[in-house]
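Me: I am new to this structure, and I would like to learn how to read one part of it step by step. Could you take me through it slowly?

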Amino acid sequence: FDQLVAATVTQERLIALLGPGARQPFVGTFHVMGLQILARFYGGEISVITRGHQIELLQALSGGAQRRAKERAAAISKARSMLLPPANDVLPIYEAYRAELRAHNWFDFDDLIDEPLHLLRTNPAIHSAIVPYRRFLVDEYQDVSPSQYALLRELMGGSAAVCAVGDADQAIYGFRGADISEFLDFRHDFPGTKAVTLTESYRSTGKILNCA
């Protein structure tokens, strides 16, 4: 919810800054971007299942307690975020789960990253039609996962420009597949990067910052 509010406020500010005649920018998460790409490619609405539905499916396919299904869902999601196959003990259940999704033409939350990445890698000719952007700004870059990083590189198409905003000390999502090395290696991955360090905080008091 916080991300949606932040995206809405940012978009309103950009529109006001650019003026009514400017092309409206996209503001949203990687997953919202992925959803738009899938909708453009398939020409219609995309059915995305909720996390709760995902857990129900895994529980139905494997049996056992709901808690175990939640653990499997988290393990599968983390592996996919890191571009790794699920562990061997989960792999048969995952394959059955994927077959169930495809039988109903459903997508899960991780598909919103994986499927656009696959489309752009295997259909380079469609890039300009479904990704009409030449400039990217990624906030909270320290929490980007390997799969999101890979999607960003495909979205850029080899010639677009990117600005990353982040703080290595605020990396908190490693438990779900985020990889701080994507942030630390930014200058290596994008030669010629100009770094701007913001040393003044407008959110926290000195006492909070000293404690941190």
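Me: How many residues does helix H5 have, and what does it reach from its first C-alpha to its last?

Reply: Helices (H or I, at least four residues) and strands (E, at least two) are DSSP runs, numbered from the N terminus, and the expected span of a helix is 1.5 Å times one less than its number of residues. Helix H5, residues 91–103, has 13 residues and reaches 18 Å, close to the 18 Å expected. This is a predicted model, in which local features need pLDDT of at least 70, side-chain atom pairs count only at pLDDT 80 or more, and totals for chains, interfaces and linings use all residues.

Me: Which residues in H5 are buried?

Reply: Buried means under 20% relative accessible area, and exposed over 50%, with partly exposed in between (1.4 Å probe, protein chains only). In H5, the buried residues are Ile93, Tyr94, Tyr97, Arg98 and Leu101. They cover an arc of only 135° around the axis (taken from the directions from the helix axis to the C-beta atoms), which puts them on the same side of H5. On the other side, Pro92 and Ala103 are exposed.

Me: Where is Asp108, and with which side chains does the side chain of Asp108 make a polar contact?

Reply: A polar contact is a pair of N or O atoms within 3.5 Å; within protein, one must be able to donate a hydrogen and the other to accept it, and residues adjacent in sequence count only if both atoms are side-chain atoms. Asp108 lies in the loop between E2 and H6 and is buried, with a relative accessible area of 1%. Its side chain makes polar contacts with the side chains of Arg80 (2.9 Å) and Tyr97 (2.8 Å).

Methods: Residues are numbered from 1 along each chain as its sequence is written. Side-chain values use heavy atoms; hydrogens and water are left out.
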